[in-house]
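Student: I would like to go through this model and ask what stands behind each label.
Tutor: Go ahead; each label will be set against its definition.

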Amino acid sequence: MECMHIPDGILSVPVWATLNAAAVPGVGWAVRRARQGLAEGHVPLLGVMGAFVFAAQRMNFPVVFGASGHLLGGALLSMTLGPGAATIVLTSILILQSLLFQDGGLLALGANTVNMALIGVWAGWLPYRFLSNGNLRTLGVFAGGFLSVLASAAAAICELRLSGVPMNATIVGVSTAVFVATAVLEGLITVAVLQAVERLNPGWLRKPQGLPSRSAGLLATASVLMMIGGVFYISALPDGFESLAARLGVASREQILFAAPMADYEVPFLAGEWGRKALGGLAGLTIIYGLCLTVGRLLARQRSA
Amino acid sequence: MSLPVIDVRGLQYTYPDGTPALRGIDFQLAAGESVAILGANGSGKTTFLLHLAGLIRGDGDLRIGGIPLTDDTLTDVRGKIGYVFQDSDDQLFMPTVLEDVAFGPLHTGMDPAESLRRAHEIIATLGISHLANRAPYHLSAGEKKRAALAGVLVMKPEVLVFDEPTTFLDPPGQNDLARLLSALPQAKLIATHDVYFARRVAKRAVFFADGRIAGDGPVEAVADRFHWRLD
Amino acid sequence: MGHSLRLDEWARGASVLHRLDARAKLISVLLFLIAVSTTPPAAPLALLPIAALFALALALSALPAMELLLRTAIVLPFPVFFGLISWLQNGNSSFAAALVARSYLSALAVALLMGVTPLPELLRGLRALGVPAVLVMVLQSLVRYLQLVVDHALRMRRAALCRDAGALPRRNRQSLWHRASGALAVLFGRSYARAEGVHHAMLARGFRGDFVSLHPAAFTARDWRFLALSALAIALARLAPQVAP
């Protein structure tokens, strides 16, 4: 499962730069959301729950033939702490893993955060959000665990393909099978642990507010599932993403839709590909830093207001 | 007689699930006085102590150092109460001892340099200067307790509140702590199961039973009355 | 866990690199990573000058070089896997080599950073660079309680093993599953209670929701010199192969 932590050196500059730029406002938004959902001052203590996830990943669940799996935790956290808080917890875990264990790269932190702390958490929350108030709740919990892993994996594969890492149908097929098995396991473990947690103290579970619409929930879940399936399918095609972009008319084969605005092209005064990429990387980093500071300031201002 | 530092009248508290925890507590603590709180697990000792720092809010009248406890006075009241928690690991949440001790002053408006100066001063007084840059995880239980106490004393509180301070301590550690407490001039409130320890650090004891104060008097007399001793 | 403890031990050293401000080191490492990341995958040899820079920094750090190289090799499976795939598929061996070399070099740089910078200092550096206080505090308490919670989990597992001692063969899978989820739920509850205890302790000591930093920024002339030098060196190492083909 560690293969979902993308290291540095694999992703291309436009991909990691874009995802860093996306992760910052995403996490900033989660911080704001968590502040509303939790008692004032409680947010920092999410660190203890992060320690829990670390420890939980050491507890093995028997599967078959002596093989075992463990909890990844994104969906479980979103169902207990709420998705905003879960995003913060997982982001801190990813930061520490990349620093302490070099598990996942520093430049790839944005990508890993988007995949697991944002996409994984929210894909895990979605089915639970809609199904948690009825007799389909267990299905909602299972679907949450299942979707969180599969959506993270789909995003990772998508990023690798965009970075020019070649894959053919066999490889995508085999990894899809592995990911589906992991996702089923995560769904089952999430159901078992959440039921046990509820027996201890029902107050530890999030009760979603507002009117639940079961059909809307099923529709949303199904569409996420179809999107994931689409990503896996396109990944398996040679030049899948490039030809898709061309067909949609948003970009020519040379100018892929997903690239960062400055990263790949048209910085005429610096000849050569390396110059453009270096400049793009630096510009990306500067933008990210600026965003960090702005979001921080906004948060601080909001708090003092 | 001067004003009591703690003055509690008719304090009641019910858990969110409906179980009553405190059923009308009346209690006064004079300046400089030390009182032990005895009683069974679940009798309401910790719940009572948490009220004193405004960490739980029940019904009734609560005055600390003459200030009535309300939302507006919460910060002032917490400055007067020095709360030493049962589990030192809960209390030592910063990366190093020095940073932990400086946390209180720093977060009540003191500037960083002055906070550090006071933190250094207090750990020197408690004889743990050599632990300043150590991580709490690596300390012994006795060292942790001293570090936690330092983090509380640095706030110059009027009352010290201890919840089961001898848990995790070995006999020499308990002796150390008893000597240390006896030497501190502040009024003290000590919840403990250890009557021997209670006798060393306090003259008076109150006995909690079922959310009420069932007895109040000299430690020995209270312990005898409720058969609160080892065989 | 062993890897991070070893890094933590190394971080208490006293080399030239150890004494620099965490921010100077972090920014240099980021520049280094960008330089590595922008090297064209078609020319893995272009990484050589950058690798030489890393070797120089490693020498300056006075850390046990071989151990660092070996320990960091745990990151290799991922890039080797994708390298092999691209090699088998396109016969493109230089792209494969570039993937592996770039990943390894990047991970080494981060490992070196953590080997010369205590984690609390690095987190303070992050705060000073503008990372929101909330996130830094979550990271701090995660580091603080990590070992405590993991220890607790290990004790629970040991207790479970003791109970199983006589009944190892033919255990019922369902009951094992049941027990594992029960144990995790208890661990969840303990962690939750711990979080509330810490929260109480913070409130009792005057915390009102905003964090104040104890350590004011102390970015000295030496830090500036190091940062300027390393940026220059990284730029040169990155650009040299293009200028002299």
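Student: Which residues make the nonpolar surface patch of about 410 Å²?
Tutor: The patch is made by Val80(C), Leu84(C), Trp87(C) and Leu88(C). Patch residues have over 30% relative accessible area and no salt bridge, with like charges joined within 9 Å and nonpolar side chains (Val, Leu, Ile, Met, Phe, Trp, Tyr) within 5 Å. Accessible areas come from the Shrake-Rupley method with a 1.4 Å probe, and for residues only the protein chains shown count as cover. The model is predicted: local features need pLDDT of at least 70 and side-chain atom pairs count only at pLDDT 80 or more, while totals for chains, interfaces and linings use all residues. Residues are numbered from 1 along each chain as its sequence is written, chains are lettered from A and ligands numbered from 1 in the order written, and side-chain values use heavy atoms, without hydrogens and water.

Student: Why is Leu84(C) called partly exposed?
Tutor: Buried means under 20% relative accessible area, exposed over 50%, and partly exposed in between (1.4 Å probe, protein chains only). Leu84(C) has 41% relative accessibility, so it counts as partly exposed. Leu84(C) lies in helix α5 (residues 77-90) of chain C; helices (H or I, at least four residues) and strands (E, at least two) are DSSP runs, numbered from the N terminus.

Student: What makes Ser215(A) exposed?
Tutor: Its relative accessible area is 55%, and the label exposed requires over 50%. Ser215(A) belongs to helix α8 (residues 214-236) of chain A.

Student: How do you know that α2(A) is largely enclosed by the rest of the structure?
Tutor: Because 11 of the 11 residues of α2(A) are buried, the helix is largely enclosed. Among them are Leu46(A), Met49(A), Phe52(A) and Phe54(A). In chain A as a whole, buried residues make up 58% of the 305 residues. Chain A has 10 helices and 2 strands.

Student: What is the area buried between chain A and chain C?
Tutor: It is about 7000 Å², of which carbon and sulfur atoms give 79%. Buried area is the accessible area (1.4 Å probe) that two parts lose on being put together, summed over both. Chain A and chain C each bring 78 residues to the contact, where contact means heavy atoms within 4.5 Å.

Student: How many salt bridges and polar contacts are counted between chain A and chain C?
Tutor: The count is 0 salt bridges and 3 residue pairs in polar contact, both residues at pLDDT 80 or more. A polar contact is a pair of N or O atoms within 3.5 Å; within protein, one must be able to donate a hydrogen and the other to accept it, and residues adjacent in sequence count only if both atoms are side-chain atoms.

Student: Why is the pair Asp87(B) and Arg194(C) called a salt bridge?
Tutor: The rule asks for a side-chain nitrogen of Lys or Arg within 4 Å of a carboxyl oxygen of Asp or Glu. In this pair the closest N and O atoms are 2.9 Å apart. Across the interface of chain C and chain B the rule finds 5 salt bridges, and 9 residue pairs are in polar contact. On the side of chain C that touches chain B, α9(C) gives the largest share, 8 residues.

Student: What area do chain C and chain B bury between them?
Tutor: They bury about 2700 Å², 61% of it on carbon and sulfur atoms. In chain C, Arg144(C), Arg205(C) and Leu214(C) lose the most area to chain B, together 33% of what that side buries.
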